[in-house]
Amino acid sequence: MTNKIGILCTYSFPEGMAPTIRILSYGQGLVDNGCKVEVVIFQPKVGDNAYSLSGYVGGVKYTYAHKRDTNKSKLYKLFVDRPKSLLNAIKKIRNSHKEEKFDCILLSFDHPTYLLFFVPVLRIMGIKIGFIGDEFPEPIRRLKSAIPFSYKLAYKFVYQFISFRVLMTRTLQRFYDELVCEKPTYILCSILNTARFDGIVKQKVSRKYMCYMGNMMLAKDNVDNIIRAFKRVCDDFSDVDLYLYGTPNDKDKSIVEGVIAELGLGNRVFIKGRIDYNLVPQTLANAEILVTSQPVTKRAAGGFPTKLAEYMMSHTPAIVTNVGEIHYYVQDNNTVYLVEPYDDVAYAEKMRYILSHPQEAKEVAGRAYDYAIANFGSKEVTKKLIDFLDNTL
């Protein structure tokens with residue numbers, strides 16, 4: 001029976017963006033199902049925050065391989081700091097493996113350089129390896145059409161030593177099957193620590209608002225489509241504003257601000273910046289509508305929006321663009337409100353319908369909550385993952 005699982009990643013932990021939330025969710029789910037989980041972060045820890053170099057969060061043990069000295073030069077960081085972090089990560093894994101053997105280690109990254117470094121070493125140490133992926137590899141997820149030939153060679157080599165895969169979508173499974181070879185695969189489309197939403201109820205707020213929450217990268221979330229849709233209904237619902245939570249880069253922020261100014265919505269649409277992880281559930285629950293708008297891209301085809309599970313847990317009706325594999329899991333007017341991408345007119349009509357039919361929208365949101373509990377809850381999802389591992393390892 002699977003008992004001890006390692007997760008090797010590059011993401012900041014335990015606070016971060018969607019990949020961090022996913023790792024924490026399935027890590028806690030595995031712990032809740034009786035496994036020991038250790039997360040090793042091989043990128044150096046940067047800056048000072050509330051979290052130390054190592055510790056426990058929700059029963060999940062985590063450790064950074066190294067802390068970066070921000071006063072050093074770029075050359076030092078590249079040729080000394082980074083190699084030191086990689087070697088320290090191996091040492092930490094080796095020491096932990098000596099104390100109690102890992103049943104497997106999940107690789108939560110896909111860059112060939114790091115795969116070529118870690119995979120052979122871990123196999124020499126006798127550790128079974130799984131690959132966990134929630135997006136197409138670079139550079140596809142940066143909206144390129146394909147990966148370089150050198151990447152393909154690297155994947156073909158390392159996949160000889162990987163025992164299984166945990167992937168977000170069937171599209172990703174087909175991609176890796178065709179790129180390298182077929183492997184035992186578990187589809188984990190979305191996962192969430194549902195306990196975060198326990199006891200969360202809608203509070204009275206000074207101004208009603210619709211809420212977008214994400215990274216506001218326009219190539220991934222065309223927030224301008226949401227703003228243009230809001231413009232079409234804002235005069236009829238003058239008591240509802242639009243809040244945008246996220247940290248776009250300077251270019252994307254400038255574009256969003258330009259759209260807001262162009263439409264004369266400076267007093268109705270507000271860029272709120274990044275929100276504290278612990279404040280997310282209440283902020284979502286207090287909204288009138290939760291909105292997201294993904295364009296049609298290969299990146300969207302391979303992924304599944306982490307925010308959708310959070311939206312569904314909040315008891316707040318959500319509007320989602322019908323891209324990728326979303327339609328396999330949710331249905332229009334049943335658990336969410338689906339709209340075709342790029343169509344701000346149709347999007348606006350969904351906004352109008354929800355605000356004009358609050359009781360029906362409440363029922364839709366209630367069904368969404370029930371569905372998320374049953375299908376995205378971390379304990380339920382990882383119980384099936386453990387069954388998969390027990391049959392695969």
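Modeller: The model is a predicted one. The largest nonpolar core has 99 residues, and the members that touch the most others are Phe118, Ile227 and Met351. Helix 6, which covers residues 223–233, gives this core its largest share, six residues. For Ile227, setting aside neighbours within four places in sequence, the contacts are Leu242, Leu244, Val256, Val259, Ile260, Leu263, Leu265 and Val269. In soluble globular proteins, nonpolar side chains tend to be buried together.

Now the whole chain. The protein has 13 helices and 14 strands. Its radius of gyration is 22 Å, close to the 21 Å that the globule rule gives for 393 residues, so the protein is as compact as a globular protein of that length. The C-alpha trace spans about 65 × 45 × 40 Å along its principal axes. Of the 393 residues, 54% are buried. Among contacts with a separation of 6 or more, 73% join residues 24 or more positions apart.

Last, the surface. The protein exposes about 17300 Å², and carbon and sulfur atoms supply 51% of that area. Some nonpolar side chains lie there: Leu116, Phe157 and Phe161 make a patch of about 240 Å². Phe157 belongs to helix 4, residues 149–158. Phe157 counts as partly exposed because its relative accessibility is 36%, and buried would require under 20%.

Terms used
Residues are numbered from 1 along each chain as its sequence is written. This is a predicted model: local features need pLDDT of at least 70, side-chain atom pairs count only at pLDDT 80 or more; totals for chains, interfaces and linings use all residues. Side-chain values use heavy atoms; hydrogens and water are left out. Patches are made of residues with over 30% relative accessible area and no salt bridge: like charges are joined within 9 Å, nonpolar side chains (Val, Leu, Ile, Met, Phe, Trp, Tyr) within 5 Å. Accessible areas come from the Shrake-Rupley method with a 1.4 Å probe; for residues, only the protein chains shown count as cover. A salt bridge is a side-chain nitrogen of Lys or Arg within 4 Å of a carboxyl oxygen of Asp or Glu. Helices (H or I, at least four residues) and strands (E, at least two) are DSSP runs, numbered from the N terminus. Buried means under 20% relative accessible area, exposed over 50%, partly exposed in between (1.4 Å probe, protein chains only). The radius of gyration is taken over C-alpha atoms; the globule rule is 2.2 Å times the number of residues to the power 0.38. Contact means heavy atoms within 4.5 Å. A nonpolar core is a set of buried Ala, Val, Leu, Ile, Met, Phe, Trp, Tyr and Cys residues joined through side-chain atoms within 4.5 Å.
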